[in-house]
Amino acid sequence: MKVLVLVKQVPDTATQVKVGSDPRAIATTGITWIVSPYDEFAVEEALRIREKRGTGEVVAVSGGPERVKEALRSCLAMGADRAVHVLDPALEGADTLTTARVLAAVIQQEAPQLVLTGRQAIDDDTGAVGAQVAELLGWPCLSWIMEEAIAEDGATVRAGRQVEGALELFDLPLPCVLTAQKGLNEPRYPTLKGIMGAKKKEIKELGPGDLGVNVDGPQLELVRLEALPPRPPGRIIPGEPKEAVRELVRVLREEAKAI
Amino acid sequence: MAGAFWCVVEDDRRGRPKRVTAELIGEARRRAGELGAGVEALWLTDRAEEEGLGQLAGWGADRIWLVEGPALAPYRGEVWVPVLAELAQKEAPRAIWGAVTSRHRELMARLAARLGVGLAADCVGFALEDGQLVAARPVYAGKLLSRVRWRGQPWLATLRPNVFKPADEGPAREPRVERPAVSVPPGAATLVERREETQTGLPELTEADIVVSGGRGLKGPENFVILEELAKVIGAAVGASRAAVDAGWRPHRFQIGQTGRTISPKLYIGCGISGAIQHLAGMRTSKVIVAVNKDPEAPIFKVADYGIVGDLFEVVPLMTEEFKRVLHGE
Amino acid sequence: MRIELTDEQQMIRELAREFAQKEVEPIAAQLDREGRFPHETVRRMGELGLMGIAIPEKYGGGGADTVSYVVALEEVARACASHAVIMSVNNSLVADPIHRFGSEEQKERFLVPLASGRGLGCFALTEPQAGSDATNQATLAVRDGDHYALTGRKLFVTNGREATVALVFCQTDRDKGSRGISAFLVEKGTPGFLVPKVEDKLGLRASDTAEFVFEECRVPEANRLGEEGLGFKVAMTALDGGRIGIAAQAVGIARAAYEASLAYARERKSFGVPIGQHQMVQWMLADMATQLDAARLLTWRAAALKDRGEPYGVAAAMAKLYASEMAMKVTTDAIQVHGGYGYIKEYPVERYFRDAKITQIYEGTSQIQKLVIARQLLDLG
């Protein structure tokens, strides 16, 4: 079974993110780039599918500037068989629909039985690409999955999505798109052997032109990025615990009217 | 009315709209008012109660598009999206808004792809700039705010719950219900099982007005009972930091933060939580933040409106007692 | 010139960092308190390929290089110096010499388990009367047909209790001095191989340091590493490489102390401002950062020379000398920055201080490193 995993390279969660000189982009100096954590769950799940079935291929796909290859190489080091890089710096600031069109075109070329990706990338936080890819391909899709099992015959998958207050288990025909929620699995570290082996694996490079997709002209335009206004300074309520608590409850009710 | 603001109804699966729908309609009324447009509700469900329809009208939906059918529950993207797309293409709304809930999040993304328009997800504010609607949405885990606008129409957006002022319950009025003739396609996915989460008897995390949350400072899973007792008294949901979830003390669905849930309750009380960037991302839009931590240097105090430096094992039970006294006269 | 890690080296550093931060750092203080050997995380290091980083894949290793080894070791040492020494001894002092001097059959038998982390190695050179003076071996190996009978005592053997195999240095010919020493791979459980004592130490409390006694311990000839009389060369070559590892360990310990100090200087207030605003503290931090960088660069250089197949003995001695002295200074200053809090066990800096000390002593004291360097400078051979 061929499984495609869509991954995005994003700034590390612990990185300080600042607005760049162009207010429509962040300042990229000093940023540590990582594979978006939810996408790592997707990679891990794809590897487990291959291991469980004893056969198959895991292909990691991403788009963006040259440095995106680092993210793809981490996927290869984790165990993906090969990677596809849609090399175009414009993809970095693209809206989700543009990204989804590019990725859908790659998927059409690759014709996998299953597409996995994270529930959202932790930079733009839109969480739309997986579902949009499914829509563009006319495939079913299940978002925020917490578990997954492919039927032995490889024709369907049973997956559980997290909804408010419940887990809903569905049978879906393949091919389909699943987006991974935390809790699906615990991603492995790439082993040293995996890292050393990654450089021998193929990263196929494509241009948007090869895919017939126009990456200019987003449907959603970024006007500007802004730093969040800082919260007004708070106050520490002093005193013995008993008095402090009494005062806290009073201000919550009388000043803040929060309860 | 052409060019109306459509609000997709989020319901309780028992035929009534949820409060977040009132928030959608409330904000849509304010924005539509500025543009001289109407506000309409769009309800896809297996079951709509009369009372629910009345509620939507009361909140200010000028018209309710109702598509009822057994295939619509539970939500499946491949069933809902063609229905919505067909209606939207026929009626040409100016905007279609949904809530940031499990199904709307996916629905709106798919719909945007189907219609070939932009989606502003997880919005926390809207403003008119040069006659164009601009949406504000947190990005980079809430470290920055992104302002975006649409190139075409309809303007698709999802709105974060608990952020927008809900529509007031207006005078009761007869709902104007349209039952458009649209074909509901059969779905490809079939529901096998719905596993309800263990009922805590407490509100859902993302919907709660008050959230009490615990971190590493709780020292073990057994101590969450201290927070639950407080939560019961003040009607709060109980959440947890990533540290507590990663330690296996709470299931992941209770995690607040960048790789968990994003919440904006009226009141957030963090106990024994240091306030790592990734946690702050999930709760910094709360209206009032209270922190209890024994470390006066804990970063959570930088975002807290009120803080108590002290041992949570002492402070939290005192809070429970004090709230019991003032709220319930005990 | 460019001082830059390759993509693979960076990824290996990331791997080691993630592993160390997630799995080692959270347990380091407790392991230190309890003096407990971390079996589970050492097994994980084996799975990840950290126990034989520069050993080729076909012998169960990671197939990377010495630079990868030192960047990974720094990350592990930053989280826990005990883990670092367990890793370093296995990599540099046992796996590396077997790879370099061993026969194909020995590599299959001994190297594969060690490099893949299924076994653990230790290095038994020091004796009661022969520490720095390594030529003065009293442990005897007397030939008896196709076996040797080993008799003697070895001290301060890192990994001694937990190891599955020991690289033991013995006198096979008293008359030949350093050329009369031979190296043997002795498996645990061999009759006559006893571990009577495990030391109670100031630092590195999660690693075990044992005493060995050999009583007519019969070891087959097939377990002799290299030719008879080659033992001293095996030991010195292993120690040259080992010193690069200890330098990396010292850099890791010092980095932990420096980072803790930096964070503390931002948080802790005195006279109404964070202490980092005071010039005295700024100076200490500036010194720490500078010396830390200098030590790391020396370490990387020695590793790079080794990878290029160039002589690296002096570079390794310089790196070890400077990095261990630096680690002692930086960890001492870190306690100073923390004031009273630095002296108590609630903060980790006192552990860094205790762990740093041994880096000036083992695998050649600072004084021995100076001797190595000076002899080379003056061409004294």
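**Figure 1. The two domains of chain A in the predicted model.** The C-alpha centres of domain 1 and domain 2 of chain A are separated by 44 Å in this predicted model. Domain 1 of chain A covers residues 2–211, and domain 2 of chain A covers residues 229–259. The C-alpha trace of chain A extends over about 65 × 45 × 40 Å along its principal axes, and its secondary structure consists of seven helices and 13 strands. Among the contacts in chain A with a separation of 6 or more, 71% are made by residues 24 or more positions apart.

**Figure 2. An open sheet of four strands with members from chain A and chain B.** The strands follow the order S12(A)-S8(B)-S7(B)-S6(B), and their pairing is antiparallel. From one strand to the next, the twist averages 30°. Within the part of the sheet that belongs to chain B, S6(B) is joined in the antiparallel sense to strand S7, residues 132–139 of chain B, through five bridges. In this pairing, Gly125(B) has Ala136(B) of S7(B) as its bridge partner.

**Figure 3. Strand S1 of chain B and its parallel neighbours.** Strand S1 of chain B comprises residues 5–8, from which Phe5(B) and Cys7(B) point one way, whereas Trp6(B) and Val8(B) point the other way, and all of these residues are buried. S1(B) runs parallel to strand S4, residues 95–99 of chain B, and three bridges join the two; here Cys7(B) stands opposite Trp97(B) of S4(B). S1(B) also runs parallel to strand S2, residues 39–45 of chain B, with four bridges joining that pair, and in this case Trp6(B) stands opposite Glu40(B) of S2(B). Together with helix H1, residues 19–35 of chain B, the strands S1(B) and S2(B) form a right-handed β-α-β unit.

**Figure 4. Domain 1 and domain 3 of chain C in contact.** Chain C is divided into domain 1, residues 7–120, domain 2, residues 122–228, and domain 3, residues 233–377. The C-alpha centres of domain 1 and domain 3 of chain C lie 20 Å apart. Across the contact between these two domains, 29 residues of domain 1 of chain C meet 31 residues of domain 3 of chain C.

Figure 5. Gly342(C) belongs to helix H9 of chain C, which covers residues 340–343. Gly342(C) counts as buried because its relative accessibility is 0%, and the cut-off for a buried residue is under 20%. When residues up to four places away in sequence are left out, Gly342(C) touches Ile335(C), Val349(C) and Glu350(C). A further reference point is Thr332(C), which is 10 residues from Gly342(C) in sequence and 9.4 Å from Gly342(C) in space, C-alpha to C-alpha.

Definitions and conventions:
Residues are numbered from 1 along each chain as its sequence is written. Chains are lettered from A and ligands numbered from 1 in the order in which they are written. This is a predicted model: local features need pLDDT of at least 70, side-chain atom pairs count only at pLDDT 80 or more; totals for chains, interfaces and linings use all residues. Side-chain values use heavy atoms; hydrogens and water are left out. Domain bounds come from an automatic or database domain assignment. Two strands pair if DSSP finds at least two bridges between them. Axes are lines fitted to C-alpha atoms, for helices over the stretch in contact, and angles run from 0 to 180 degrees between N-to-C directions. Contact means heavy atoms within 4.5 Å. Buried means under 20% relative accessible area, exposed over 50%, partly exposed in between (1.4 Å probe, protein chains only). A crossover is right-handed if, with the strands pointing away from the viewer, the path from the first strand over the helix to the second runs clockwise.
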